[in-house]
Amino acid sequence: MSDDWDVPDRSFVVLGGRTAADYELDAVSLIVTERDDTAGLGLEEAAIVRMCASPTGVVEIASRLRLPVGMVQVLISGLLDQNRVTARHPPAPAASGHDADLLREVLSGLRNKL
């Protein structure tokens with residue numbers, strides 16, 4: 001890291017000074033491009049728009065860009081504000097009573113196989 005205070009931190013530059021996402025994005029939320037023009041976007045934002053022509057998870061985007069998930073969530077949040085992408089959130093888990101019943105059935109089936 002540089003001791004020169006005139007050199008901005010890369011994450012500050014990439015995020016345009018933003019420090020937090022305006023939207024709650026789950027790591028497995030799928031991001032889909034709505035507007036494929038990349039005029040006026042930074043390199044990372046443009047890359048997100050291009051890679052999300054088909055639904056792509058937040059974690060996969062972070063992996064491909066080699067950026068922390070939190071940074072990617074902030075970038076996606078900005079793209080959501082500009083209506084360049086949409087987010088498809090994972091389905092909510094089923095009611096807890098059904099989960100326990102299902103787990104009991106699976107356990108019973110496994111025991112019967114042994």
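I take a helix to be a DSSP run of H or I with at least four residues, numbered from the N terminus. The model I am reading is predicted.

**Entry 1: helix α4 and what follows**

I began with α4, which covers residues 69-81. The helix has 13 residues and reaches 18 Å from its first C-alpha to its last. I compared that span with the 18 Å expected at 1.5 Å a residue, and α4 comes close to it. Just after α4, I found Asn83 with a positive phi of about 60°.

Next I asked how many residues of α4 are buried. The count is 10 of the 13, so α4 is largely enclosed by the rest of the structure. I used the cut-off of under 20% relative accessible area for buried. The buried residues run through Met71, Val72, Gln73, Val74 and Leu75, then Ile76, Ser77, Gly78, Leu79 and Leu80.

**Entry 2: helix α2**

I repeated the check on α2, residues 43-51. Seven of its nine residues are buried, so this helix too is largely enclosed by the rest of the structure. I noted the buried ones as Glu44, Glu45, Ala46, Ala47, Ile48, Val49 and Met51.

**Entry 3: salt bridges**

I counted three salt bridges. I looked up Arg64 and Glu60 to begin with, and their closest N and O atoms are 2.5 Å apart. Both residues sit in helix α3 (residues 58-65), and because they are four residues apart, about one helical turn separates them. Glu60 is partly exposed, at 37% relative accessible area.

The other salt bridges share partners, and I see Arg35, Asp37 and Arg84 joined into one network. Between Asp37 and Arg35 the closest N and O atoms are 3.4 Å apart. The salt bridge of Arg84 with Asp37 has an N to O distance of 3.2 Å. Which parts does the pair of Arg84 and Asp37 tie together? Arg84 lies in the loop between α4 and β3 (85-88), while Asp37 lies in the loop between β1 and α2, so the pair links parts that are 47 residues apart in sequence.

Arg84 is buried, with a relative accessible area of 7%. Asp37 is partly exposed at 32%, and Arg35 is partly exposed at 35%.

**Entry 4: Ser29**

I moved to Ser29, in the loop between α1 (10-14) and β1 (30-33). Is Ser29 buried or exposed? Its relative accessibility is 0%, so I record Ser29 as buried. I also listed what Ser29 touches, leaving out residues up to four places away in sequence. The contacts are Thr56, Gly57 and Val58, together with Arg88, His89 and Pro90.

**Entry 5: a surface patch**

Which residues make the nonpolar surface patch? Leu102, Val106 and Leu110 make it, and the area is about 280 Å². I found Val106 in helix α5, residues 96-113. Val106 has a relative accessible area of 42%, which means it is partly exposed. That value also passes the limit for patch members, which is over 30%.

How values were computed. Residues numbered from 1 in each chain as written. Predicted model: local features only at pLDDT ≥ 70, side-chain atom pairs only at ≥ 80, totals over all residues. Heavy atoms only, no water. Patch = residues over 30% accessible without salt bridge, like charges linked within 9 Å, V, L, I, M, F, W, Y side chains within 5 Å. Areas by Shrake-Rupley, 256 points an atom, 1.4 Å probe, with all protein chains shown as cover. Salt bridge = Lys/Arg side-chain N within 4 Å of Asp/Glu carboxyl O. Helix = DSSP H or I, 4+ residues; strand = E, 2+ residues; numbered from the N terminus. Buried < 20%, exposed > 50% of the residue type's maximum accessible area, 1.4 Å probe, protein only. Contact = heavy atoms within 4.5 Å. Expected span 1.5 Å × (residues − 1).
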